[in-house]
Amino acid sequence: MSTEAVRQPAELKFADELARLAQDDQEQGGAKPPGWKLTARAVRSFVIGDEPLGVERKFYGDDPLVDRAIVTLMGRQGLMLVGEPGTAKSMLSELLAAAISGNSNLTIQGTAATTEDHVRYSWNYALLLAEGPTERSIVPSPIYQAMVSGRIARFEEITRAAPEIQDTMVSLLSEKHLMVPEFGADARIAARSGFNVIATANLRDRGVNEMSAALKRRFNFETVHPLADPQFEVELVARQLEAELGPDLRSVKFDREVLDLLVTVFRDLRTGTTKEGTVIKRPEAVMSTAEAVGVAVSAALEARYLGDAVVTPGRIADRMLGVALKDNQEDAARLRFYADTVIRERARHDRRWKAFLTATRTWR
Ligand SMILES: Nc1ncnc2c1ncn2[C@@H]1O[C@H](COP(=O)(O)OP(=O)(O)OP(=O)(O)O)[C@@H](O)[C@H]1O
Ligand SMILES: [Mg+2]
């Protein structure tokens, strides 16, 4: 049995690419920002791809945003990525941290239970009692570690942490040092160059608005939008499918047309306007590209292991149930309306949509 980790951090998963980019940096002799592992140009290539170097594109759709993010991280302000769920904010923050610092693991997950200790440091109490406050007895937070090593720290879902915890970041980001009074009245840990913070926040969650003005000023906000180009989205889902299933995918028949259909349904429901221009009610369920990938993967797995190895439109409709109908009666009504009008119309002259329509009978 394979003992491979289910998911590797980006710096391991793409170690080859990072090595090639570092090599290329050396040959080109470009200047790196202080504390960075790569030049800004190479960081950009890592995220949006560089064919001659054999670096694949990972983030689609908004290259200027990637540039602005990199520029922000070279400066004094932190980077705040905000947007709808599933727009690849976390992915982008991981990629940037991996390319800039070679380490994307210095991460705090914001929750209602996040405390100041999680942001700053805590103590190993056994050691604290034995030898007092020392380098050994302190338990540094990911941010502390990022400061002393000159790396990027990530603060995921920052708005889920209480405002006063978020505000711990204010002095960290403006003074770039952390006071440790236990080490002495004036003791401070100074950030080395290369340190910065990437935070992410989901617009569906309680408030970016509740963030204090002081903290907002310390961050440069970038909004990550859902993919605008349907062709990009189809390509992305196809790639993710390949990445997630690997060899399993080769034994499944998954036509491009079926993938197109899947992406079309998700886009219609996400935007509330169909590709024909009909306005429909959007379900409350998240219908992001990430969910589309999830449906594609589970339909392919079902076809491979429980079916006849063909991903049909009907299978897609079935797999959508768990994603789009999370026990929400109003959403069920919206989906039925969408099926009874938009899909029915398409089904009149397309057999794939017809097969899809037939399977939507389970949508209730
Ligand atoms: N523009 C995009 N480029 C590449 N992948 C994307 C893009 N948009 C969505 N994805 C897909 O979405 C997946 C999940 O994204 P991620 O978890 O980073 O989203 P998120 O914005 O952090 O969501 P949440 O707000 O729910 O935390 C990615 O792994 C990728 O498959
Ligand atoms: Mg996220």
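This is a predicted model: local features need pLDDT of at least 70, side-chain atom pairs count only at pLDDT 80 or more; totals for chains, interfaces and linings use all residues.
**Where is ligand 1?**
I began with the pockets. The largest pocket is the space that ligand 1 takes up. Next I looked up which domains reach it. Domain 1 (10-224) and domain 2 (230-362) each contribute residues to the shell around ligand 1, so the ligand lies between them.

**Who is around it?**
I found 17 residues around ligand 1. Gly86, Lys89, Ser90, Met91 and Asn202 come nearest. I also sorted the shell by residue type: 8 are nonpolar, 6 polar and 3 charged.

I checked which helices supply at least two residues of the shell, and noted α5 (89-101), α12 (230-245) and α15 (289-306). Of the shell around ligand 1, α5 gives the most, with 3 residues.

I started with serine 90, where an N or O atom of the side chain is 2.7 Å from an oxygen atom of ligand 1. Asparagine 202 also uses its side chain: one of its N or O atoms there is 2.8 Å from a ligand oxygen. With tyrosine 60 I had to look at the backbone instead, as an N or O atom there lies 2.8 Å from a nitrogen atom of ligand 1.

Taken on its own, ligand 1 has 650 Å² of accessible area, and the protein covers 82% of that.

Technical notes. Residues are numbered from 1 along each chain as its sequence is written. Chains are lettered from A and ligands numbered from 1 in the order in which they are written. Side-chain values use heavy atoms; hydrogens and water are left out. A residue is near a molecule or strand if one of its heavy atoms lies within 4 Å of it. A polar contact is a pair of N or O atoms within 3.5 Å; within protein, one must be able to donate a hydrogen and the other to accept it, and residues adjacent in sequence count only if both atoms are side-chain atoms. Accessible areas come from the Shrake-Rupley method with a 1.4 Å probe; for residues, only the protein chains shown count as cover. On a 1 Å grid over the protein atoms alone, a cavity is a set of points where a 1.4 Å probe fits but cannot get out, and a pocket is an open set with protein on both sides within 12 Å along at least five of seven lines; lining residues have an atom within 4 Å of a point. A molecule sits in a cavity or pocket if more than half of its atoms lie within 2 Å of its grid points. Helices (H or I, at least four residues) and strands (E, at least two) are DSSP runs, numbered from the N terminus. Ala, Val, Leu, Ile, Met, Phe, Trp, Tyr, Cys and Pro count as nonpolar, Asp, Glu, Lys and Arg as charged, and the others, Gly among them, as polar. Domain bounds come from an automatic or database domain assignment.
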